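Subject: Structure handover and findings

Hello,

Here is the structure for your files. Please open it alongside the notes below.

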Amino acid sequence: MTDLAQYQDVTTIQRILHTAKTVAIVGLSANELRASYFVGFYLKRHGYRVIPVNPREKEILSERGYPSLTDLPGPVDVVNVFRAPGALPQIARDAVTIGAGALWCQFGVINEEGNAIAEDGGLDLVVDRCLKIEHARYVGRMHWLGFNTQRITSVRTGLQ
């Protein structure tokens with residue numbers, strides 16, 4: 001069993017969030033109800049360039065889609081993975097091949113072989129964490145009660 005704590009280092013997560021500009025999302029769905037779409041939408045809204053990697057989609061979030069990481073026209077800072085754990089070794093190999101800075105594996109995307117490939121290839125690695133949630137946590141978009149609504153008080157109707 002993999003000790004995930006080594007892949008959830010706060011300093012590494014914060015460095016990735018503050019330095020990355022381009023995120024390739026492997027498994028980004030065009031379905032607005034899917035978590036990958038919501039994460040891509042959020043990241044794009046917060047200034048990241050989002051590149052869809054999905055062989056079944058030509059365009060997602062008004063961005064051209066690519067069938068694989070090796071088809072991308074330029075470098076990416078982060079490869080964010082929304083795929084089954086068994087797909088991770090090849091995705092990690094491709095991320096190393098294209099010279100990505102980091103491999104970020106969403107909740108449940110845990111594969112020891114893929115982790116080893118990414119580490120051996122010199123990539124920063126985050127496993128079993130959501131990029132959107134970590135961004136919200138460390139860039140100030142979450143409040144201790146949940147999302148920061150920018151409200152100081154709430155309207156109350158009185159006792160009943």
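Residues are numbered from 1 along each chain as its sequence is written, and side-chain values use heavy atoms, with hydrogens and water left out.

Confidence

pLDDT is the predictor's confidence in each residue, on a scale from 0 to 100. Its mean over the protein is 90, and 86% of the residues reach 70 or more. Where pLDDT is low, the predicted coordinates should not be read in detail.

Overall fold

The protein has 5 helices and 9 strands. Both are DSSP runs numbered from the N terminus: helices are H or I with at least four residues, strands are E with at least two. From the N terminus the order is α-β-α-β-β-β-β-α-β-α-β-α-β-β. Of the 160 residues, 44% count as buried, meaning under 20% relative accessible area, where over 50% is exposed and anything in between partly exposed (1.4 Å probe, protein chains only). Among contacts between residues at least 6 apart in sequence, 58% join residues at least 24 apart.

The sheet

An open sheet is formed by 5 strands in the order β2-β1-β5-β6-β7, with parallel pairing. Two strands pair if DSSP finds at least two bridges between them. β2 and β7 stand at the edges with a single partner strand each, so one side of each has no neighbour in the sheet. From one strand to the next the twist averages 20°.

β1 and β2 pair over 5 bridges in the parallel sense. Within this pair, A24 has I51 of β2 as its bridge partner, and V23 has V50 of β2. For β1, 5 of the 5 residues are buried, so this strand is largely enclosed by the rest of the structure. T22, A24 and V26 lie on one side of β1, with V23 and I25 on the other. β2 is mostly covered, with 4 of its 5 residues buried. β5 and β6 pair in parallel over 4 bridges, and V79 stands opposite L103 in β6.

The cores

A nonpolar core is a set of buried Ala, Val, Leu, Ile, Met, Phe, Trp, Tyr and Cys residues joined through side-chain atoms within 4.5 Å. The largest has 26 residues, and those with the most contacts inside it are L69, L72, V79, I91 and L103. Elements giving two or more residues to this core include β1 (22-26), β5 (78-81) and α4 (112-120). The largest share, 4 residues, comes from α3. Apart from this core lies another, of 23 residues, among them I16, I25, V39 and A136.

Leaving out residues up to four places away in sequence, V79 touches several residues, including A24, L69, I91, L103 and W104.

A helix contact

Helix α2 (residues 35-45) packs against helix α5 (residues 131-138) at an angle of about 35°, with the axes 9 Å apart. Axes are lines fitted to C-alpha atoms, for helices over the stretch in contact, and angles run from 0 to 180 degrees between N-to-C directions. F38, V39, Y42 and L43 of α2 meet L131, K132, H135 and A136 of α5.

Regards

Methods. Predicted model: local features only at pLDDT ≥ 70, side-chain atom pairs only at ≥ 80, totals over all residues. Contact = heavy atoms within 4.5 Å.
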